[in-house]
Amino acid sequence: MTLPPIITFRQVSKLYGHGEATIRALDHIDLSITAGEFVSIMGPSGSGKSTAMNIIGGLDVPTSGEYLFQGIPTSGFDRAQLTLLRRHMLGFVFQGFNLLARTSAVENVELPLVYRGMDHRERRSRAMIALEQVGLKGREGHTTQELSGGQQQRVAIARAIVTDPAVLLADEPTGNLDTRTSAEIMELITRLNRDNGITVIMVTHEEDIAAYGKRLLRFVDGHLASDHAQAKEHDHVL
Ligand SMILES: Nc1ncnc2c1ncn2[C@@H]1O[C@H](COP(=O)(O)OP(=O)(O)O)[C@@H](O)[C@H]1O
Ligand SMILES: [Mg+2]
């Protein structure tokens, strides 16, 4: 038995607006991503990258075509089912970290588990494990403003993986970080992909950040302009 791809787009289009003003953000995209892949997405501003990520993330739906998750068409999902997909299968990391201020690292990481109705002790213990995985053991009690940008992004990654998602969606995860800290964050994401088997889909503007992915998609004007496997030039560093 072969498993279906974790992510499939069949002729996915996304239109915004009406009539003359219609914008075709995605134009008949066919795509499939297998569990365990690390896919980088590049492309000019306005080429449809965020639209594609929002659809994968269950935050938006195609105008036409079909998005399948683990082979299951999502067009039949209602709002509650899309929420379940987001909470149970996907982890999100953004450029801006999006942590609660004046709140400890461990409380930020516990947050997605609160929605599961998990009791406090189990939540705390899972959050501590996630923080250890991202190299923040000993910083659990620090509030957001007591942490550096790189440490805040580590907390955000811990929050994304505490639910044990199948897919990590990262939109410009190093956009606010210096070169050295970006490399550390990319090594962490690479490790989560390689050792924990999390499927990673990451948008970036920077070629050297995109190079961490094993596959590179380039979007142009809502089309998939190229789709290549890439050698991992960072392997020797690890
Ligand atoms: N909510 C929206 N309403 C109207 N147009 C939108 C909306 N979101 C995106 N667009 C348009 O769709 C196109 C693709 O946008 P987007 O996916 O954000 O591109 P990227 O992330 O590659 O910069 C752009 O022309 C953008 O202006
Ligand atoms: Mg964007």
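Contact here means heavy atoms within 4.5 Å. Helices (H or I, at least four residues) and strands (E, at least two) are DSSP runs, numbered from the N terminus. The model is predicted: local features need pLDDT of at least 70, side-chain atom pairs count only at pLDDT 80 or more, and totals for chains, interfaces and linings use all residues. Residues are numbered from 1 along each chain as its sequence is written, chains are lettered from A and ligands numbered from 1 in the order written, and side-chain values use heavy atoms, without hydrogens or water.

Six strands form an open sheet in the order S6-S7-S8-S3-S9-S10, with mixed pairing. Two strands pair if DSSP finds at least two bridges between them. Strands S6 (90-94) and S10 (223-229) each have a single partner strand, so one side of each lacks a neighbour in the sheet. S6 and S7 (residues 167-171) run parallel, joined by five bridges.

Helix H1 (residues 49-56) lies across S3 (38-42), S6, S7, S8 (199-203) and S9 (215-220). H1 runs at about 150 degrees to S7. Axes are lines fitted to C-alpha atoms, for helices over the stretch in contact, and angles run from 0 to 180 degrees between N-to-C directions. Helix H2 (residues 79-89) also packs on the sheet, touching S6 and S7.

H1 also supplies the largest share of the shell around ligand 1, three residues. One lies 2.8 Å from a side-chain N or O atom of lysine 49. An oxygen is 2.9 Å from a polar backbone atom of serine 50.

Notes:
Polar contact = N/O pair within 3.5 Å; in protein donor to acceptor, adjacent residues only side chain to side chain.
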